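Welcome to a short tour of one protein model. Please keep the sequence and the 3D view open while you read, and look up each residue as it comes along.

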Amino acid sequence: MAGMASEPGTQSRVMFQSADKTEEPPHRKLGKLTVKYNRKDLQRRLDIEEWIDDQLHLLFDCEEEEMPELEIDIDELLELSDVEQRSRLQELLQECGKPKEDFINGLLYRIKGLRKMSGPLKK
């Protein structure tokens, strides 16, 4: 009888292993993203977005809930000339009462050399 008691335990282990295989496809999709876009480019873009967020909090001197609706689209800026980029940022930040030139100069410096990403993502 002891031999029969060990068989059900073996069967349940097989069932758990087959359930784990359903989680693999999402990991493969993440791999494709890093192949399609250089990991360094993604990290640089993330760093810039975090810098933008920090700087906007300083410029508007407020908490997250009080922050005005403001979206700075890096890909949109990359499509514009240097003069148009500066003009677009001044337009977006017109409600800010503090000096904005340091922020604008810092952002324009940071996005130099970035590649537009929204094009391939829309395919």
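## The model at a glance

Of the 123 residues in the protein, 24% are buried; here buried means under 20% relative accessible area, exposed means over 50%, and partly exposed covers what lies in between, using a 1.4 Å probe and protein chains only. The model is a predicted one, in which local features need pLDDT of at least 70 and side-chain atom pairs count only at pLDDT 80 or more, while totals for chains, interfaces and linings use all residues. Residues are numbered from 1 along each chain as its sequence is written, and side-chain values use heavy atoms, with hydrogens and water left out.

The protein has seven helices and zero strands, where helices (H or I, at least four residues) and strands (E, at least two) are DSSP runs numbered from the N terminus. Reading along the sequence gives the pattern α-α-α-α-α-α-α. The protein exposes about 9,700 Å², and carbon and sulfur atoms supply 53% of that area; accessible areas come from the Shrake-Rupley method with a 1.4 Å probe, and for residues only the protein chains shown count as cover.

How do contacts span the sequence? Among contacts between residues at least 6 apart in sequence, 63% join residues at least 24 apart, with contact meaning heavy atoms within 4.5 Å.

## The nonpolar core

The largest nonpolar core has 20 residues. Such a core is a set of buried Ala, Val, Leu, Ile, Met, Phe, Trp, Tyr and Cys residues joined through side-chain atoms within 4.5 Å. Helices H3, H4, H5 and H6 each supply at least two residues of this core, and the largest share, six residues, comes from H3. The residues with the most contacts inside the core include Ile52, Leu56, Ile72 and Leu107.

Which residues does Leu107 touch, leaving aside its neighbours within four places in sequence? Leu107 is in contact with Ile48, Trp51, Ile52, Ile72, Leu77 and Leu89.

## Rings around Trp51

There is one aromatic pair. For this count, rings of Phe, Tyr and Trp (its six-membered ring) pair if their centres lie within 6.5 Å; planes under 30 degrees apart count as stacked, over 60 as edge-to-face and the rest as tilted. The partners are Trp51 and Phe103, which are stacked, with 5.4 Å from centre to centre and 5 degrees between the planes. Trp51 belongs to helix H3 and Phe103 to helix H6, 52 residues apart, and the pair links these distant parts of the chain. Both Trp51 and Phe103 are buried.

## Salt bridges between helices

How many salt bridges does the structure hold? There are five, a salt bridge being a side-chain nitrogen of Lys or Arg within 4 Å of a carboxyl oxygen of Asp or Glu. One of them joins the side chains of Asp75 and Arg45, at 3.2 Å from N to O. This pair links distant parts of the chain, with Asp75 in helix H4 (residues 74-78) and Arg45 in helix H3, 30 residues apart. Asp75 and Arg45 are both buried.

Arg88 forms a salt bridge with Glu76, with 2.7 Å between the closest N and O atoms. Here Arg88 is in helix H5 (residues 82-92) and Glu76 in helix H4, 12 residues apart. Arg88 is partly exposed at 22% relative accessible area, and Glu76 is partly exposed at 28%. In Arg86 and Glu101, another bridged pair, the closest N and O atoms are 3.3 Å apart. Arg86 lies in helix H5 and Glu101 in helix H6 (residues 101-111), so the pair ties together parts that are 15 residues apart in sequence. Salt bridges that share partners also join Glu76, Arg88 and Glu91 into one network.

Asp41 has its place in helix H3 (residues 39-60). Is Asp41 buried or exposed? Asp41 is buried because its relative accessible area is 19%, under the 20% limit. Not counting residues up to four places away in sequence, Asp41 touches Arg115 and Met117.

Glu49 is also found in helix H3. With a relative accessible area of 41%, Glu49 is partly exposed. The C-alpha atoms of Glu49 and Ile72 are separated by 9.0 Å, and these residues are 23 apart along the chain.
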